[in-house]
Structure formats: structure tokens, C-alpha cells
Amino acid sequence: MSRYRQYFNIPLLCSLFLISLILVSCFSGTKNNNTLNIWVHAGQEAERKTISAQAQRYNQSKPEIKVKLTFIPEGSYNSQVQAAALSNDLPDILEFDGPFVYNYVWQQNLIPIDEIISPEVKADLLPSIIAQGTYGNKLYSVGTFDSGLGIYGNRQQLETAGIRIPENNQDAWKVKEFNQALAKLAKQDPNQDGQVLDLKLNYGGEWFTYGFSPIIHSAGGTLLKQKGNSLQANSAINSRKSIKAINNLQTWIEKNYVDSNLDDAAFTSGRVALSWVGHWAYDGYKKALGNDLVLLPLPNFGQGSKTGQGSWNWGITANCKNPKAAVKFLEFLLQPQEILAMTNANGAVPATKSAIAQSPLYQEGAPLRLFAEQLLNSQTVPRPQTPGYAVVTSAFQQAVNNIIDGMEVKKALTQAAITIDIDIEDNQGYPQIW
């Protein structure tokens, strides 16, 4: 650093300080009530182009209040939010992955929007969007799209093996029937390796929580349970029901039914007949299989077929000086035509009933209607609604990794329970402090 000191002088330092203050003001939006500064995750290109066009349309329709987008890399998004919160530099509006809303509320970084969002707009939202955005009986976030989880099947292979094809969630295979279907498919596997199921193990990370925790809920279990005014993982994530449910996953792997899918082409190449994944795989699967593609619900492990849900949401930060203007932008994004602009770009499930009714993929009779029905009929399970979600999902992911590697299921889930409960205890149960 010493070789740069000769260039520093008092007038220059003063100028740089003033410039930094201006930049912080512009970036956070805390000192310019005519501009709404918004952080957006830098996801897929189609999403970036769509939200940019939406911001432009909004600015043209509302010249008195402008919106300014800042794209943040998805991989470091949460860490940058935390850093901005510490320095009081949060923007006016924040986009974030759904389960993080509870931590942001607990940190007092978001404000409730119940009293300022239009009742008509709120009534049009899917139950899953309301459930995900609610904490402490107050609504803090809304989204323009949600997600769907199910099994894509190769109709030709299923029919050849004589396997019944479920039509909806109520008709889902019970786990015993699903296990029998795997055995039949393995016996008639054209590749002769017996690997007939893709679980997207190549995804890793958050996918393990999103994709596999519904197994536990379908069996009547849960990742966390209420204990007084707090939550605990012990006797929940590692309960008898949870252990029994996840034992199935390990059994599928031990019986060699599961393709490791390192090339992410197990289903599209025809190596497997079934792929356990979400709505986002549809385009590639449809191109590969055409009319042989069929969408199926996840198996019923005892308490009905359940599915994961949740995606990126919008919230208004405590730094925002004009919440009523901020909510107007969110309501703009929640208009049916704007929702469809985004969901036609990313293939996700529209977040409102009115948009679903107009969607070519999710309306009545459309190819992905199953995903919409799951969300409309509350057959989905939000990821744990706790400020400690980051620890919960990390511990569950590690448990699934250990189970895949052959660790006893009870031991792996108990280790996860210990990790989660230590975090809860360290944070005094995450009490409501606002």
C-alpha cells in the first residue's frame, strides 16, 4: 500500500469521500424518494431480459417514480445482502430466494406489506405464495412465479413394463407401487444395467432439500417441530416416520435403480424411464421425448403426494423511504400480462390464479397443469419457515449426501438434528425481537 500514498492528498480524499456518499445514496435508494433502487438476482438470461424490459415499461408508465435495477450474482446473493444490511446500504426493494424471507424479517431488514398491498392483488395470489411470504402472521414478500416438482416419465417404457400411469395427485402411486414399478422397469431395462430412475443427484446443494424433504412430509413427518415458543429438529427430522421415508431413497440407490446422471442426460438419452425433477426440465424433455413425455406426481408415502414449492420473491426493505411507491411496482409485476411475460421466459408456474388461467403451459388441459393444481390445492410444502433456514438446509443436504454414500439413515438424520438444534439454541430459539 505504501507506494500509493504519494498520490493521496487532502482535496482528493475529500472529493473521493463525497463521491462515495453519492454512490451509496444512489445504490441503496435511501436518499432519493423519486428512485426505487432494486436488487435482482442475475439468473438465466431470459429472466434478466424480461425484468429489464418490465422495469423499462414501468418507468415509461410512471415517469414521476423511476426504478433502477442492480443485478447481483446468484451465487453470492445472500452474502451481499448480509453485507449491505450491516452497512445500512440495502436497496428499497429486494429480490431473494423464498426461504430466506424469515431470516431477513428476523434481522429486521424487511417490512410487512399487508396494509399497503391491494386486497385484490393479494386475493389473486396462489396459496403457496402467501404461505411462503408469511412470517409471524404478517405478509412480507410476494413472487411472480412459483415452482413445481414431480416425475417425468417415458410413456413408452412405462407401458411396455405394464405400469399404471397416474393422472393426478390423488391418483399418485403409493410408495409400495412405486417400488414395484422400479423393479419392473429395471427387469425390462433396455440398457440392461437396471438403472431406471434419475434423482438429479448431479444437482446437489439446495436441490436435496427442495427435492427430497417432501418425501418426509408425505410420510407424515417434518424437518422441524414446535417446542414451546421455538422449534426443534430432534424427534422431527430424525423421527420414526422420517427415517422410514428416507430409507426408501437409500434403498433405490442400493438396488442400483438410480442413475448418477453425471452428464445430466439420463432421461433425455433414454437411459432411464423416470426423472424426479421440477418444471424447469420440461422444454428439454419435451424436445427429446415428444408425445412420449408424461408428467406424474411424486409417490404417496402414506399421507398423500406432496411436493416442494417456492422460488424467488420480492420484499420491501426497512431502508425504503417510500413503501407505497415500492408496492406499486410489485403490483405492476403481478399483473397477469407481466407475470406471463416472466413465466413464458423461464417456464415457471405463474403466481396468480388469473395468470394461470391464461398460461399455455399451466391452464386447464395444458401439459404442466399438474404443477398448477398442486399449488392451487395446497398440496405443496414450503421449506422450513425459520430464520435458521440456512443451517437447516445445509444440515439436511449433508445428511442426504451421507445417506447416498451409505451411512445409516437414522445416524445421518440424527447428526442433522444435532446441528440444527445447536444453531437454534445458540440463537435463543430465534425469538421475535421486533
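Reader: Which residue stands opposite Val294 in E13?

Author: Gly153 does. This is a predicted model, and in it strand E7, residues 149-154, runs antiparallel to E13.

Reader: How many bridges join E7 to E13?

Author: Four.

Reader: And the side chains of E13, buried or exposed?

Author: Strand E13 covers residues 293-296, and both of its faces are covered. Leu293 and Leu295 are buried on one side, Val294 and Leu296 on the other.

Reader: Why do the side chains of a strand alternate between two faces?

Author: That is simply how a regular strand is arranged: its side chains alternate between the two faces of the sheet.

Reader: Switching topic. What is the order of the strands in the open sheet with E15?

Author: E2-E1-E3-E15, four strands with mixed pairing. E2 (66-73) and E15 (312-316) are the edge strands, each pairing on one side only. On average, neighbouring strands are turned by 25° against each other, direction ignored.

Reader: How many bridges join E3 to E15?

Author: Five, and the two strands run antiparallel. Phe96 has Asn313 in E15 as its bridge partner.

Reader: Which strands does helix H3 touch?

Author: H3, residues 77-86, packs on the sheet and touches E1, E2, E3 and E15. Its direction makes about 150° with that of E1. Helix H2, residues 45-61, lies across E1, E2 and E15, at about 165° to E2.

Reader: What is the average pLDDT?

Author: The average is 91, and 92% of the residues score at least 70. Over residues 1-30 the pLDDT is below 50. That stretch has 22 contacts in the model beyond near neighbours in sequence.

Definitions and conventions
Residues are numbered from 1 along each chain as its sequence is written. This is a predicted model: local features need pLDDT of at least 70, side-chain atom pairs count only at pLDDT 80 or more; totals for chains, interfaces and linings use all residues. Side-chain values use heavy atoms; hydrogens and water are left out. pLDDT is the predictor's confidence in each residue, from 0 to 100. Contact means heavy atoms within 4.5 Å. Buried means under 20% relative accessible area, exposed over 50%, partly exposed in between (1.4 Å probe, protein chains only). Two strands pair if DSSP finds at least two bridges between them. Axes are lines fitted to C-alpha atoms, for helices over the stretch in contact, and angles run from 0 to 180 degrees between N-to-C directions.
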